[in-house]
Amino acid sequence: MVIVHDQELHRSDPCVPIMDRKQGYDIELMSSTSKVDHELWPLDGIDSKNSKFPCCLVWTPLPVVSWLAPFIGHVGICREDGAVLDFSVSNFVNVDGFAFGAAARYVQLDREKCCFPPNMSGHTCKRGYQHSEYGTAITWDDALRSSARNFEHKSYNLFTCNSHSFVADCLNRLCYDGSMDWNMITVVALVIIKGHWVNNMSIIRSFLPSTVVLCLGLVSVGWPFLVGLFSFSILLMGWFLLGTYCFKTLLER
């Protein structure tokens, strides 16, 4: 707390009223405090060997499912220390133990694009009321903890409530990039468009099984297998698109 004595105020410009000077000091103090509250400390570098991806989304292929549809996978979100959180079974969120293998693809997010309001008037996003109603956070890790507590009471289902739902919930609590409309589709799009492969082996691990399945299917069944595989992918994409944008109560975000 900064105490300003009346004598110090009187030694200032006598033409300025004392109340105005005090208000000026209060505004300056609030401004400096706000800067301190929102100061972000530096993150450690990405360490793929030890599976540390600070403030990243990470993706890995799913067994069997990704063999038939390579664009389908499992996604998680990482804390500021690099530990990954992911939702893979009912009523439980994994911490620092990414299910289904090591991360194959990642995209690092910018904390400067998040909204960490200390109070109702402290929103930096344009969705203040909606953000407060949904649930806010004062730090990156605080948002992840809140989402983890929320998903500890949800049942996992690949088609209605999966790892993408959990990540979308985290991003909505962060109001990342000023958006409160994160869902399964937008999370997938973010990883595909802005994601980076961890290494060359990750590319092989992601596409080799589906390539083998495709080749075996064409050799043993022929073109009908390719048509069936294509139809399966279209149905799968249609399910998530319709569930996300047309029947919004069907899917968990």
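Student: Which backbone oxygen does the side chain of Ser66 reach?

Tutor: This is a predicted model, so every value here is computed. Ser66 belongs to helix α3, residues 65-68. Leaving aside neighbours within four places in sequence, Ser66 is in contact with Pro61, Ile72, Gly73 and Ser210. Of these contacts, the side chain of Ser66 reaches, at 2.5 Å, the backbone oxygen of Ile72.

Student: Is Ser66 buried or exposed?

Tutor: The cut-off for buried is under 20% relative accessible area. Ser66 has a relative accessible area of 1%, so Ser66 is buried.

Student: Which element gives the largest share of the largest nonpolar core?

Tutor: The largest nonpolar core has 31 residues, and those with the most contacts inside it are Ile77, Trp140, Phe166 and Leu171. Two or more residues each come from β1, β2 (73-78), β3 (84-89), α5 (140-151), α6 (163-174) and α7 (184-194). The largest share is 6 residues, and the element that gives it is α6.

Student: How is the aromatic pair of Phe53 and Tyr106 classed?

Tutor: A pair of aromatic rings is described by the distance of the centres and the angle of the planes. The structure holds 7 aromatic pairs. For Phe53 and Tyr106 the centres are 5.5 Å apart and the planes make an angle of 40 degrees. Planes under 30 degrees apart count as stacked and those over 60 as edge-to-face, so this pair is tilted.

Student: How many residues apart are Phe53 and Tyr106?

Tutor: Phe53 is buried, and so is Tyr106. Phe53 lies in the loop between α2 (18-37) and β1 (56-61), while Tyr106 is in strand β5, residues 105-108. The pair links distant parts of the chain, and the separation is 53 residues.

Student: And how is the pair of Trp59 and Trp197 classed?

Tutor: Trp59 sits in strand β1 and Trp197 in strand β6 (residues 196-197), 138 residues apart. Trp59 is buried at 8% relative accessible area, whereas Trp197 counts as partly exposed at 27%. The ring centres are 6.4 Å apart and the planes make an angle of 80 degrees, so with over 60 degrees as the cut-off the pair is edge-to-face.

Student: Which charged residue sits over the ring of Trp197?

Tutor: The charged end in question is 4.6 Å from the centre of the ring. The residue is Arg105.

Student: Which residues beyond its sequence neighbours does Gly195 touch?

Tutor: Gly195 is in the loop between α7 and β6 and counts as buried at 14% relative accessibility. Its C-alpha atom is 9.7 Å from that of Cys56, 139 residues apart along the chain. Not counting residues up to four places away in sequence, Gly195 touches Arg105, Tyr106, Val107 and Leu190.

Student: Which residue forms a salt bridge with Glu80?

Tutor: The count comes to 6 salt bridges. Glu80 lies in the loop between β2 and β3, and its partner in the loop between β5 and α4 (128-134), so the bridge ties together parts 31 residues apart in sequence. Both residues of the pair are buried. The closest N and O atoms are 2.9 Å apart, and the partner is Arg111.

Student: Which residue meets Lys154 in a salt bridge?

Tutor: The charged end of Lys154 also sits over the ring of Phe151, 5.7 Å from its centre. Phe151 forms one aromatic cluster with Phe87, Tyr156 and Phe166. In the salt bridge, the N to O distance is 3.3 Å and the partner of Lys154 is Glu252.

Technical notes
Residues numbered from 1 in each chain as written. Predicted model: local features only at pLDDT ≥ 70, side-chain atom pairs only at ≥ 80, totals over all residues. Heavy atoms only, no water. Phe/Tyr/Trp six-rings, centres within 6.5 Å; stacked < 30°, edge-to-face > 60°. Helix = DSSP H or I, 4+ residues; strand = E, 2+ residues; numbered from the N terminus. Buried < 20%, exposed > 50% of the residue type's maximum accessible area, 1.4 Å probe, protein only. Lys NZ or Arg CZ within 6 Å of the ring centre and 35° of its normal. Polar contact = N/O pair within 3.5 Å; in protein donor to acceptor, adjacent residues only side chain to side chain. Contact = heavy atoms within 4.5 Å. Core = buried A, V, L, I, M, F, W, Y, C linked by side-chain atoms within 4.5 Å. Salt bridge = Lys/Arg side-chain N within 4 Å of Asp/Glu carboxyl O.
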